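Here is a brief report on a protein chain and its ligand. Please read it alongside the structure shown below.

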Amino acid sequence: MKIFSGIQPTGKMHIGNYLGAIKQWVEFQQTDDCMFCVVDLHALTIPQNPNALRKAVAEKVIELLSVGVDPAKSILFVQSHVKEHTELAWMLSTLTSMGELERMTQYKEKARKNKANQNAGLLTYPVLMAADILLYQTEGVPVGKDQGQHLEITRDIAKRFNARFGKTFVEPKTLFPKAGAKVLSLKDPKKKMSKSDDPESYIALFDEPEAIRKKIMSAVTDTGKEIRYNPERKPGISNLLLIYSLMNGKSIAELERQFKTKGYAALKKSLAEILIETLEPFRRKQKELQSRELYIQEILKQGAKKASSLAEITMKEVRKRMGLLGNE
Ligand code: AQP
């Protein structure tokens with residue numbers, strides 16, 4: 001299957017990003033045809049410091065390599081290095097209605113949070129995301145729950161284009177993980193874990209052991225003492241049980257039995273140690289890669305080259321079908 005997925009460069013990659021999306025990327029690259037992208041153009045919808053953004057892109061690539069994305073098995077590249085993303089986004093924007101963009105939950109949330117900067121990019125974000133995906137004839141997109149709505153609009157746009165101009169795009173499937181599609185905030189387990197929230201609300205993949213212990217021990221739990229998986233009635237404990245289970249492979253039922261009589265503190269202590277242990281190889285790899293600037297540049301150069309040649313095949317077709325005059 002042809003797989004495409006992306007991550008924003010800004011903010012720290014957290015266990016929500018990992019369990020919801022990146023862990024699947026690493027699995028898919030063993031068997032499928034994968035492309036992974038650092039979506040720097042999407043990050044521009046929120047005001048960025050240019051120097052910090054440049055640094056963040058390189059850091060995100062290092063983070064992805066550290067958790068197992070392998071450039072020998074998948075194409076890893078930066079969105080702005082392949083100009084066709086923005087070209088296709090423009091074309092697709094002419095097939096997208098204002099109303100459907102205004103209905104997007106993420107747009108409504110981000111516009112509310114960024115009252116001083118309600119730029120048009122916040123609204124058209126899903127069109128650029130549709131372009132990212134459709135450009136490569138993608139069949140499957142591994143993402144977390146929060147991106148489900150954007151995948152629906154991507155399929156709608158593809159359908160509309162195909163109906164009007166003839167079959168050009170594949171309608172991609174959304175690939176949610178079996179569990180972990182929505183990891184919740186440690187501070188407010190009614191909300192998803194999010195890197196733009198307070199750092200205490202998430203475990204970053206490269207957090208130091210002490211920070212992990214502190215954050216897990218102070219994670220919000222529910223009233224009562226019982227350790228039971230019940231996302232409705234006990235969202236805090238259920239979130240911790242889910243993270244535990246996904247990080248070390250024990251089933252939730254097994255964890256409920258193990259901690260039944262032991263209380264919240266014992267569960268938290270044990271979870272902190274599991275996280276420290278599982279994330280340790282990532283931290284080690286990250287440190288090793290931080291000094292290999294040329295190697296990173298070369299990966300991105302090769303990635304952009306491969307992605308551009310695939311993108312150009314689709315764009316030739318799209319330009320022709322939409323009636324643009326060729327100049328070759
Ligand atoms: N809490 C989560 N649980 C499961 N999956 C998640 N993802 C994000 N949060 C969770 C998935 O991670 C991938 C990369 O996300 P992104 O960085 O491109 O943007 P995002 O979805 O906007 O992530 P954040 O952390 O919530 O960032 P901010 O705070 O900037 O909005 C995606 O596949 C996403 O579904």
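The ligand is surrounded by 21 residues, each with a heavy atom within 4 Å of it. The closest are D146, K192, S194, K195 and S196. The model is predicted: local features need pLDDT of at least 70, side-chain atom pairs count only at pLDDT 80 or more, and totals for chains, interfaces and linings use all residues. Residues are numbered from 1 along each chain as its sequence is written, and side-chain values use heavy atoms, with hydrogens and water left out.

The shell comprises six nonpolar, ten polar and five charged residues. Here Ala, Val, Leu, Ile, Met, Phe, Trp, Tyr, Cys and Pro count as nonpolar, Asp, Glu, Lys and Arg as charged, and the others, Gly among them, as polar. Helix α1 (residues 15-31) gives the most to this shell, with four residues.

| Protein atom | Ligand atom | Distance |
|---|---|---|
| H14, side-chain N or O | oxygen | 2.8 Å |
| G16, backbone N or O | nitrogen | 3.1 Å |
| K110, side-chain N or O | oxygen | 3.2 Å |

Taken alone, the ligand exposes 650 Å², and the protein buries 95% of that (Shrake-Rupley method, 1.4 Å probe).

Now the chain as a whole. The chain has 13 helices and five strands, taken as DSSP runs (helices H or I, at least four residues; strands E, at least two). Its C-alpha trace spans about 70 × 45 × 40 Å along the principal axes.

Definitions and conventions: A polar contact is a pair of N or O atoms within 3.5 Å; within protein, one must be able to donate a hydrogen and the other to accept it, and residues adjacent in sequence count only if both atoms are side-chain atoms.
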